[in-house]
Amino acid sequence: MARASTLKSLFASTVLVASGVAPAMADGRLHILHFNDFHSRVESINRFNSTCSASDEAEGKCYGGAARLVTLLNQMRDAITAQGDTVVVLNAGDSSQGSLFYTTYGGRIEAELNTRLGIDTMVVGNHEFDKGPEGLAVFLDTANYPILGANIDVSANNLLASRLAPYTIIERNGMRIGVIGVLAADSGETSSPGPTVAFTDEAEALRAAVAELEGQGVNTIIALTHTGYVADQRYAAMIPGIDAVVGGHSHTYLSATDERRQGAYPTWVSTDDGRLVPVVQAGAYGRYLGHLVMELDADGNVAYADGNTIEMNAEVAPDPETAAWVAGLAGPIDEMRSRVVAESSASIDGDRANCRQRECQMGNLVADAMLARVADQGVSIAIQNGGGLRASIDEGPVTMGEVLTVLPFQNTLATFQLSGANVVAALENGVSQLEENAGRFAQVAGLHYTFDPTLRWRARVERDGAAGWRVGADRSGGDLWRRVERLHACRGDGFRMFRNEAINAYDYGPDLADVLAEYMAANMPYAPVIDGRITRVGE
């Protein structure tokens, strides 16, 4: 993995050469520095993606944070500029949501940080809508850079109308670089944009924007996406005119060198017209900065590309001015988040790679806490979508800040009754997008279920467990089941049956973070558990 101490090696040669094949001669070199899914990690993080403690910071165990990101980005931009090359800085969305900085300041701080970083443009992420159109308006009011969304229709919203652009053109050192922004079309289900915001097909929006840019003589076109790694590769293959895809949303860690990677950096995609398009992404939570180097021919097309992600570990010194800015902002929230609320006998795994694919420790903890809170109301089932779990918790004392990092969305506990058939349909929905690592995967309490990831998902539920369906619950029938679910999941992530089929719904329960803190306090030291409540066939 490339680190800050190896920055000089990144610039020592024109470009790294793969398999001994020299790159084609080029008329220009374009460097793209990029990050994605920052999720309000304004302060540095630990290995669990939670706020890093002062003791861990002193021991060099922390990563990222605004101050390190400012340092590394400025170092790289200065080095690239000094060697006479062109550099642009791109943010692939979801700066918002994930820490008390977002809860307290509503997105203003993340937008200000982008200004401090000097980004050239940003695409809207689905979590920029977590506080509704009003939340995105705060972001737009603060930003001094173009914010993109080619497939977002905000014309019916008076706060946002005409304030998002489909693309921007960056003119630098004689280059004209078009950047198109799109986000996942299901963002209406995974966030809270409200009825006045609509999302259109990503591919159609990309095609239309490419045509407009080419009509203006722009030949170097970057798709800046918040759609996920799988979708990014699909768009790279199917849409002529795109020279590179810089993505986010799936938190995918790509690397040219690190064996822990989830894919190669860049990932090369073959197109129908015989080209190769690089696709890149840089993990999440401000731990990595991506660096894509593209050699352009005389027509502005990519002749060759290479690069890597750079980890912002203790070798990157925090920028003092930015660190002071962060410390001042943290003052009002330090007392609440430093309060110890419980203790854990071991680390509690909340890694998205597990909680969106299979039973995970954090999923069991949160679902058990939900069920325990309302069991005296006759509730027998709890479902928590894996996408709502945003961090792990380490062994030892547990602070309220750690709890809020795991559950940052300020969701309330909701109860309602649902038929057995609709419960099974909800579980079917949970496993319907495993390949996308989607957040809808159902973590549960009060029931067991089995699924086979190799079978084709289908919406029809076969109660008798006939071969061919993905989910089999261990309870079935026409009776009404009571259950409890996170309110956000009730209205999103494809769980339409919670909204449309629920009976006797009550949506105004306690904050889920408080529920979790109280449950851990009542059961401390809490011992993480995997007990087989979810069976993934083949494991």
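Which residue in β9 is the bridge partner of Gly 181? The partner is Leu 224.

1. Basis of the note. This is a predicted model, in which local features need pLDDT of at least 70 and side-chain atom pairs count only at pLDDT 80 or more, while totals for chains, interfaces and linings use all residues. Residues are numbered from 1 along each chain as its sequence is written, and side-chain values use heavy atoms, with hydrogens and water left out.

2. The chain as a whole. The chain contains 17 helices and 26 strands; these are DSSP runs, helices being H or I of at least four residues and strands E of at least two, numbered from the N terminus. Of its 539 residues, 60% are buried, where buried means under 20% relative accessible area, exposed over 50%, and partly exposed in between, with a 1.4 Å probe and protein chains only. Of the contacts between residues at least 6 apart in sequence, 76% join residues at least 24 apart; a contact means heavy atoms within 4.5 Å.

3. The sheet that holds β9. Six strands form an open sheet of mixed pairing, in the order β6-β7-β9-β10-β14-β13. Because β6 (167–172) and β13 (267–270) stand at the edges with a single partner strand each, one side of each is left without a neighbour in the sheet. From one strand to the next, the twist averages 25 degrees. Two strands are said to pair if DSSP finds at least two bridges between them.

4. Partners of β9. Strand β7 (residues 175–183) pairs with β9 in the parallel sense over seven bridges. With strand β10 (residues 244–246), β9 pairs in the parallel sense over three bridges, and Ala 244 is the bridge partner of Ile 222 in β10. Strand β10 is in turn joined by two bridges to strand β14 (residues 276–280), and these two run parallel; there, Val 246 has Val 280 as its bridge partner.

5. Helices on this sheet. Helix α8 (residues 202–215) packs on the sheet and touches β6, β7 and β9, its direction making about 160 degrees with that of β7. Helix α9 also packs on the sheet, touching β9, β10, β13 and β14, and its direction makes about 40 degrees with that of β13. Axes here are lines fitted to C-alpha atoms, for helices over the stretch in contact, and angles run from 0 to 180 degrees between N-to-C directions.

6. Is β9 enclosed or open to the outside? Seven of the seven residues of strand β9 (residues 220–226) are buried, so the strand is largely enclosed by the rest of the structure. In a regular strand the side chains alternate between the two faces of the sheet. Thr 220, Ile 222, Leu 224 and His 226 point one way from β9, whereas Ile 221, Ala 223 and Thr 225 point the other way.

7. Another open sheet of six strands has the order β4-β3-β2-β1-β15-β16, with mixed pairing. Its edge strands are β4 (147–148) and β16 (302–311), each of which pairs on one side only. Strand β15 (residues 288–296) and β16 run antiparallel and are joined by nine bridges, with Leu 296 opposite Val 302 in β16.

8. His 31 in β1. His 31 lies in strand β1 (residues 28–35) and counts as buried because its relative accessibility is 2%. Its side chain makes a polar contact with the side chain of Asp 85 (2.8 Å); such a contact is a pair of N or O atoms within 3.5 Å, where within protein one must be able to donate a hydrogen and the other to accept it, and residues adjacent in sequence count only if both atoms are side-chain atoms. Beyond four places in sequence, the residues that His 31 touches include Ile 80, Val 88 and His 291.

9. Backbone points to inspect. Tyr 265 and Pro 266 are joined by a cis peptide bond, with omega about -10 degrees. Pro 266 lies in the loop between β12 (263–264) and β13 and is buried at 7% relative accessibility. The peptide bond from Met 524 to Pro 525 is also cis, with omega near 0 degrees. Asp 37, although not a glycine, has a positive phi of about 50 degrees, and Asp 37 is buried with a relative accessible area of 0%.
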